[in-house]
Amino acid sequence: MAAPMRKNLLSFFSCCCQNATRMERRAVSSNAVRPKKRRFLKFLGLSLGAGVTTGIMVYYMAKKNLKKQTEEGKTTTNTIEMYRIMPLKAMSRAWGKFNQLELPVMLRRPLLGLYVWMFDCNVEEAMETELKNYKNLGEFFRRILKPDVRLISIKEELTNPADGKILHYGEVTDGILEQVKGVNYSVQHFLGPQTWLRDSSAPTPTTNQTDEEYFKGLNLKPGNKLFHCVVYLAPGDYHRFHSPAKWTINYRRHFPGELLSVNPGIARWIHGLFVLNERVVYMGEWEHGFFSYTAVGATNVGSIKIYCDQEMMTNVKHHPDTRRTPGVYFDKDFRKDPIQVEKGEMFGEFNLGSTVVLVFEAPENFVFNVVNDQKVRMGEPMGTCVM
């Protein structure tokens, strides 16, 4: 981010706070504004200021450490730990509440217009193109697209689940995934114990498996391989995510982890980022065998909503602090009443940009139709089996 842009954002933050305070004082003296509106204006200035300040801090922290990592070949552990102790979950809950506040009609166009300009949103694709008709930021984040702007590819087995950028894709080897090129994490730590593969009467799988043993425990079909793909949704992207294939959900696992930024710069900086962060993993089967779909939380993502699992709630205050008790998760078994999901069906939504991770089994002749860092749109081809 260039220096002029940084100055503009800081100036905007300052103006928001000053204007909110000025309007509140004017309201107090003249009784022209109701107390509810005064509180809203004050909260508006403080929330926007906090959001902009946090964004700038995270951006420059990542940029600084990426440069240091490139020069020294390593990342400073102390700096990562300092970043992790920031109250990102509380800030994200506050941001989520702010997103649901009804904006005064007179402020909708300028505030939402600023967001559209900052993150290059394509409002013309939305069913509702008039900004003043969105009551709050949350409604704008979850805007529904016109039916003809995203077509679902029929001939490919797998389509892109969301608008975004491909961070990484490829074959999973010996139980190791790549979140970005050169930065690895374990599929065992990402998905957790293989309880979805056993009957309730069977013994609990061991938790001290090696990555290779865990990989073999997935029991892939003969001739099949395990693949994965990571799609990053930027703040300006369409925030709903869809099913990339026809499949059946048998199991859900919720990891109430941290809410670190999943910006590609941060993903290159922190190893195992997707293992640290809060995530909801849905596991089941598709035509080629094992299939999992994971929605990963991030900073300022107030909540992840899954349409076929309404009781699922993320970033809840009473959940344990996983910085002190890592590896905590909560399961739900759907095998008695499995959920059928159609290709292209709306699956869920983020309240700000985040990440979707697919880990799935497919024949060895499965080929991806995407490349790293490619901008993709929901419904476009992701991969298919070639003859």
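UniProt positions are given in the numbering used here, feature names are shortened, and annotations may be inferred rather than shown by experiment. With that said, the record, an unreviewed entry, puts "modified residue: Pyruvic acid (Ser)" on S354, and that's where I'd like to start today.

Quick housekeeping. This is a predicted model, where local features need pLDDT of at least 70 and side-chain atom pairs count only at pLDDT 80 or more, while totals for chains, interfaces and linings use all residues. Residues are numbered from 1 along each chain as its sequence is written, and side-chain values use heavy atoms, with hydrogens and water left out.

Okay, the overview. We have 10 helices and 17 strands in the chain; those are DSSP runs numbered from the N terminus, helices being H or I with at least four residues and strands being E with at least two. Of the 387 residues, 51% count as buried. Buried here is under 20% relative accessible area, exposed is over 50%, and partly exposed is in between, using a 1.4 Å probe and protein chains only. Then contacts, meaning heavy atoms within 4.5 Å: among those between residues at least 6 apart in sequence, 77% join residues at least 24 apart.

Where does S354 sit? In the loop between strand 13, residues 346-350, and strand 14, residues 355-363. And is S354 buried or exposed? Its relative accessibility is 0%, so S354 counts as buried.

Now H242. That one lies in strand 6, residues 240-242, and its relative accessibility is 5%, so H242 is buried too. Leaving aside residues up to four places away in sequence, H242 touches P161, Y293, G344, E345, M346, F347 and M378. M346 comes up again in the strand pairing: it's the residue in strand 13 that stands opposite H242.

Let's follow that pairing. Strands of a sheet pair through backbone hydrogen bonds, either parallel or antiparallel. Strands 6 and 13 run antiparallel and are joined by three bridges. They belong to an open sheet of three strands, order 6-13-10, with antiparallel pairing. Strand 6 and strand 10, residues 304-306, are at the edges with a single partner strand each, so one side of each has no neighbour in the sheet.

How many of its nine residues are buried? Nine of the nine, so strand 14 is largely enclosed by the rest of the structure. Strand 5, residues 224-232, pairs with strand 14 in the antiparallel sense over nine bridges, and C229 has L358 in strand 14 as its bridge partner. Strand 9 is also antiparallel to strand 14, with six bridges joining them; there, F291 is partnered with F360.

Rings of Phe, Tyr and Trp (its six-membered ring) pair if their centres lie within 6.5 Å; planes under 30 degrees apart count as stacked, over 60 as edge-to-face and the rest as tilted. The count comes to 26 aromatic pairs by this rule. Take W196 and F290: ring centres 5.9 Å apart, planes at 25°, so this pair is stacked. The pair links distant parts of the chain, 94 residues apart, with W196 in the loop between helix 7 (187-191) and helix 8 (211-217) and F290 in strand 9, residues 289-296. Both W196 and F290 are buried.

There's another open sheet of three strands, order 1-17-15, again with antiparallel pairing. Its edge strands are strand 1 (158-159) and strand 15 (366-368), each pairing on one side only. Strand 15 joins strand 17, residues 381-385, through three antiparallel bridges, and V367 stands opposite T384.

How values were computed: Two strands pair if DSSP finds at least two bridges between them.
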